[in-house]
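Here are my notes on the model you sent. They are set out as numbered points, to be read with the structure open.

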Amino acid sequence: MATTVNPVDIQPRQVANKSEKRALLDAIRMTLKIQSPAVRHNTQTFNRNRYVAVAKLADYDQLKDRARQIKEQAIADSPRLLKQLEESVVRNGGHFYLAPTAEDANAYIRRVLVEHSVKLVVKGKSITSEETRLNHTLEGAGIKVAETDLAEFILQVADEQPSHIIAPALHYSRERITALFKRKFDTDLPLDTGEELTKFAREKLREQFIEADAGISGANLIAADSGSIMLVESEGNIRMTTTLPPLHIAIAGIEKVIPSREQFGTFLELLPASATGQPLTSYVSILHPPLKSPPFAAPGKQEQPREFHLVLLDNGRSRMREDPVLREALYCIRCSACLNSCANFETVGGHAFGGETYSGGIGGSWEAGTGKLMNARFAELCTACSRCVNQCPVRIDIPWLNENLRQRMNHAQPTSFARSLFGELTGSAPADTSAPLQKQFFGNYHTFAKWGTTTAGLSNSSLDSPLIASAMEKVFGVDHRRELPKFPEKSWVDLHREEHRNGTSPSTHLPKLALFADVFTNFGYPERGMAAIRVLRKCGYDVELTPSLADGRAPLSQGMIDTARQQATAMLRMLRPYVESGRLLVVVEPSVLAMFRFDLRHLMEDQTFFAKLRDISFEPMQLVWKASQEFGLDLSATFPAERWHHDPRLFYHSHCQQRTCNAASETIDVLRACGFDVVTSSVECCGMAGSFGYKADYYELSMAVGEDLFSQVRAAEEENQPRILVASGISCHEQIWAGLKRPVHHPVEVLDQIAI
Amino acid sequence: MASPAIDAPSMLLEQFVTAARNAAATAEVVDRNPQALADAILAKAGDAHCILFAPPQVMPAELFAQFAADPRVITQPDSEQMVHSAVGVIEAFGGVARTGSVCVDVNYQRTGVVSLITPLCIAVLASENIVPQPRDLFRQDLLHGAGLTRDFVFITGPSATADMGPLVRGVHGPHRQHIIVVR
């Protein structure tokens, strides 16, 4: 067995490439030990500011639609736009080069610099040049490269890869930067505050700006019609890079090209608001170089004429364009909202949740598209919690991209007899039987749940046995510290069948409901399901419980997309008559509701039926609220908090996917209307995220993510007055129990207990 | 009765000044005459030994004449003077009410360098050139479509970074951004 390296001895560069699983696991240990506090602070600050900034954009949704449309058109029309752009650049007096590969781009830039006898080049922030490893090539040719963005400067000093796509050194705390500079520079200057560090770096870099013969920048967007580039920054280093030296080279991916300069207006406000949460950054430059103003000539140097080169990089992007999944990543405008709204990313950052260049939820597609598929292994850290989905300014369904990457990685594995047999027995689609046993175990959860419920006595006592726990960890990678849910003696559907004669639906004018017996509630928490039926009937709804079929969520999250499609097809066939009879669909488990609200669209042909499902599916508490708002139900009379046997002070945590579905606020409204005092969590995700937290490889990360939620509970109880914990998601319950060892209630159970 | 056509610019001006201050710039509104403008600029420049000045492109040169007559003002700086001056004075051809940004043509003579290289940058903006939102710079019907053709920069407050831990103002660009709106 490989020796376990002490996390403090792991260098980020050593674990940048995650094609080996060991690198991913080591990177998680290293980041949790060293980088997590700074990453958390910085990403969560961006995330909070982003929510405030986008709320101030009056037409945020329309801007997103427009941005998406522009990018879709631009990528579709890319070959023509590149031609047009070349003409524009040449007309402006610049040079244009379309580089097929990273090596070609580097060779071109080196040649231009050598021809101009450049000794020192200043660089503005450019992640594309990180992708091509440009510095390495230039330094090999004897050209000194000065990274002038302060974050890139830190990385250059530390020799590390970026950990974030817009703030590449955000894994460094001020204290760690001080220690790094003291170690690397021979200086007596005080370096103990942000100001002192900035002053130190500024003075070093000011000399470089003045001396530099050439500047290399990236480009946030490029307009084909005019050859204009948009550059977004706050430090001023990009302006220095593009303004002072006579020779300016801009390098960018071909996906940055959009048809017209006039369209910059759509992205101008959307990008900074989605990125750092600023209305605008300090500087947004709109240039169509070469500039006509004279360049800066250092004292004693002669003024040179200006020259501009635009280097556009393909490096796999044309292939991505032909790929229906990876093509989506080409729409990305690199704002980082998907990183900052991701609980896993907020906890470990891009040195774990990232590859050699790109990081976060969108990063997997980029690493796979510009490199090798297995380099995207870190996409395993995307739990499909979906918090990024509504934050993406170009509406990329990032979890779907990662589920596809996972599928491709599953398929890339050599299959084995054990995997095939296991898959066949448990319900995997033929194409998915090459997936690792762990994935097939979680993907076919409903099969185990059905077996477990049939033999509840035996299976539950087995789950308690340390021997079984150890076997589960060895075979399926289920962490032994987790408690697997117990199986009930009777499923929800069975319970309901038995109790049917006691609970008939009232005949009212409220809409009729079909309550979907999702497998998680059916085989895990049948009593909760029964509570949902009683509460909805109490509100006056006619409720019919459907049969229980798997919905596709579990295999989808494991990248077993064919299996998910099979499950979804069978479920939809079963549900169609309910829907066609005009019943609204109610789903207790939020991760399943999210299937109806958005994920199923990827798994079904009939998009009209999907749109129908999306519009008629609800979380139970949404319908309770609807009954009070539209049908005159008096909540405080029907569900009076005074009847609650516990403290009426609650702490409520809504489920990540429930919030993405906009199906969480009604729970809070209902509980408050009943008379409860409700404090809510503000974390993006509890860290359990379905099967993710059960996996032994990710247990520590999952618990570290959960710590944010646990500490919010503690903060809400700081006057030593405990609150009753309430949560809507099954996995949130498990996570809160694991972290706080306190019981958690479901909102429908609360209402059921106090109903008059 | 006040018509919206008259009210709107003054509302934009008010919004602009508030937004500029929120973006950590300083802003003041002065009357449009050479004396008032010179007083405002020189008061802000304090005892700077030399003041870089990029002459205006849109506003009349006479408006700046009194300021430009100050012996410390340099319009054709050599590189030493550029590197060591404490104050740069530039014209902004547009302003943005929602963000407090000034739009500066970086292609016109030395305006780009002057707006960037000194610790204090003073931008002079005509009140009628304030538009509501950043995206308005990409409209043909506002500012005579200047934003669609020029090489320019939206400057929103002083240069800043959070890369060294806490937010620090004053990195490679100016540490202080002052805006004088002439009405």
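**Notes on the two chains and their contact**

1. β9(A) and strand β9 (residues 152-155) of chain B pair in the antiparallel sense, over four bridges. Within this pairing, A:I286 has B:F152 of β9(B) as its bridge partner. Keep in mind that this is a predicted model.

2. Strand β6 (residues 228-233) of chain A is joined to β9(A) by five bridges, and the two run antiparallel. Here A:I229 stands opposite A:L287 of β9(A).

3. Is β9(A) enclosed or open? Five of its five residues are buried, so β9(A) is largely enclosed by the rest of the structure. Both of its faces are covered. A:Y283, A:S285 and A:L287 are buried on one side, and A:V284 and A:I286 are buried on the other.

4. Now the contact as a whole. Chain A puts in 48 residues and chain B puts in 38 residues. On the chain A side, the elements that give two or more residues are α7 (150-158), α8 (174-184), α9 (194-211), α10 (237-243), α11 (264-275) and β9 (283-287). The largest share comes from α9(A), with seven residues. By type, the chain A side divides into 24 nonpolar, 15 polar and nine charged residues.

5. Look next at α7(A), one of the contributors to the contact. Its buried residues are found at A:L150, A:A151, A:E152, A:F153, A:I154 and A:L155. Note that A:E152 is in that buried set. The buried residues of α7(A) pack against β3 (144-147), α8 and α9 of chain A, together with β10 (160-161) of chain B. The packing of this helix therefore draws on both chains. After α7(A) comes A:D159, whose phi is positive, near 55°.

6. α8(A) has a clear buried side. The buried residues are A:I177, A:T178 and A:F181. They cover an arc of only 100° around the axis, which puts them on the same side of α8(A). The face of α8(A) turned away from the buried side carries the exposed residues A:E175 and A:R183. The cover over the buried residues of α8(A) includes α7 and α9 of chain A.

7. Chain B holds a sheet of its own. Six strands form an open sheet, with parallel pairing, in the order β1-β12-β7-β4-β2-β3. Which strands stand at the edges? They are β1 (26-30) and β3 (73-74) of chain B. Each has a single partner strand, so one side of each is left without a neighbour in the sheet.

8. β1(B) is joined by five bridges to β12 (residues 176-182) of chain B, and the two run parallel. B:V29 stands opposite B:V181 in β12(B). Helix α2 (residues 34-45) of chain B packs on the sheet. It touches β1, β2 (51-53), β4 (87-92), β7 (120-126) and β12 of chain B. The direction of α2(B) makes about 170° with that of β12(B).

9. Overall form of chain A. The secondary structure comes to 35 helices and 18 strands. With 756 residues, a compact globule would have a radius of gyration near 27 Å; chain A has 28 Å, which agrees. Its C-alpha atoms fill a box of roughly 95 × 60 × 55 Å along the principal axes. Of the 756 residues, 58% count as buried. Among contacts between residues at least 6 apart in sequence, 76% join residues at least 24 apart.

10. Overall form of chain B. This chain has six helices and 12 strands. Its radius of gyration is 16 Å, close to the 16 Å that the globule rule gives for 183 residues, so chain B is as compact as a globular protein of that length. The C-alpha box is roughly 55 × 45 × 30 Å, taken along the principal axes. Buried residues make up 52% of the 183 residues. Among contacts between residues at least 6 apart in sequence, 71% join residues at least 24 apart.

Key. Residues are numbered from 1 along each chain as its sequence is written. Chains are lettered from A and ligands numbered from 1 in the order in which they are written. This is a predicted model: local features need pLDDT of at least 70, side-chain atom pairs count only at pLDDT 80 or more; totals for chains, interfaces and linings use all residues. The radius of gyration is taken over C-alpha atoms; the globule rule is 2.2 Å times the number of residues to the power 0.38. A residue is buried if 20 or more other C-beta atoms lie within 10 Å of its own, exposed if 12 or fewer, and partly exposed in between; C-beta atoms are placed from the backbone. Two residues are in contact if their C-beta atoms, placed from the backbone, lie within 7 Å. Two strands pair if DSSP finds at least two bridges between them. Axes are lines fitted to C-alpha atoms, for helices over the stretch in contact, and angles run from 0 to 180 degrees between N-to-C directions. Ala, Val, Leu, Ile, Met, Phe, Trp, Tyr, Cys and Pro count as nonpolar, Asp, Glu, Lys and Arg as charged, and the others, Gly among them, as polar. The arc is that of the directions from the helix axis to the C-beta atoms.
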